[in-house]
Amino acid sequence: MAHIVVHPEGWKPAKGYANGMLAEGRTLYVGGQIGWTKDQVFEAKDFIGQMEQALRNILDVVEAAGGKAEHLTRLTWFVTDKQTYLDHQKEVGAAYRRVLGYHFPAMTMVVVSALVEDEALIEIEGTAVLPNE
């Protein structure tokens, strides 16, 4: 079964996310990923760089389980600065598409006062549903 985007009739179109995803298969829960490399080094100090790295980290976990970006069904974003996110929407979209393409799962964004790693500006966790083997 392919993942199906669920969009209630009569609702305005969702932009850059899905309101719901229907999927069947093996569920992978990806723990919160921040903008550091596999060696736990923050190469990027800016929001977009850290966001792109966090998304790459998520995709690495999904691929390690045998999945692809298209298997992501949910992403929850935790950001420390709402205004930075809002001020860089074009760059956010471009960075997102570089990593995950044009696949937009159900998403939530939460503004938090801080993250455990002091250098982290964003943390993203996800859920993927991979096909049954």
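In the predicted model, Glu125 and Arg74 form a salt bridge with an N to O distance of 3.8 Å, a salt bridge being a side-chain nitrogen of Lys or Arg within 4 Å of a carboxyl oxygen of Asp or Glu. Glu125 lies in strand 6 and Arg74 in strand 4 (residues 72-79), so the contact ties together parts that are 51 residues apart in sequence. Helices (H or I, at least four residues) and strands (E, at least two) are DSSP runs numbered from the N terminus. Glu125 is partly exposed, at 27% relative accessible area, and Arg74 is also partly exposed, at 29%; here buried denotes under 20% relative accessible area, exposed over 50%, and partly exposed the range in between (1.4 Å probe, protein chains only).

The structure holds four salt bridges. One of them joins the side chains of Glu119 and Lys45 at 2.9 Å, N to O. This pair links distant parts of the chain, 74 residues apart: Glu119 is in the loop between strand 5 (106-111) and strand 6 (122-130), and Lys45 is in the loop between strand 3 (26-34) and helix 1 (47-64). Glu119 is partly exposed at 42% relative accessibility, whereas Lys45 is exposed at 56%.

A further salt bridge connects Glu52 with Arg56, with the closest N and O atoms 3.0 Å apart. Both residues belong to helix 1 and are separated by four residues, about one turn of the helix. Glu52 is buried, with a relative accessibility of 11%, while Arg56 is partly exposed at 36%. Together with Arg98, Glu52 and Arg56 are linked in a network of salt bridges.

The largest pocket has a volume of about 340 Å³. On a 1 Å grid over the protein atoms alone, a pocket is an open set of points with protein on both sides within 12 Å along at least five of seven lines, and lining residues have an atom within 4 Å of a point. The volume is the space filled by probe spheres set on the points, which are joined across faces, edges and corners. Of the 14 lining residues, Lys15, Gly16, Tyr85, Gln89 and Met107 are the closest to the pocket centre. Helix 3 (89-100) and strand 5 each supply at least two lining residues, and the largest share, five residues, comes from helix 3. By class, the lining has eight nonpolar, four polar and two charged residues, where Ala, Val, Leu, Ile, Met, Phe, Trp, Tyr, Cys and Pro count as nonpolar, Asp, Glu, Lys and Arg as charged, and the others, Gly among them, as polar.

Residues are numbered from 1 along each chain as its sequence is written, and side-chain values use heavy atoms, with hydrogens and water left out. As the model is predicted, local features need pLDDT of at least 70 and side-chain atom pairs count only at pLDDT 80 or more, while totals for chains, interfaces and linings use all residues.

How values were computed:
On a 1 Å grid over the protein atoms alone, a cavity is a set of points where a 1.4 Å probe fits but cannot get out, and a pocket is an open set with protein on both sides within 12 Å along at least five of seven lines; lining residues have an atom within 4 Å of a point.
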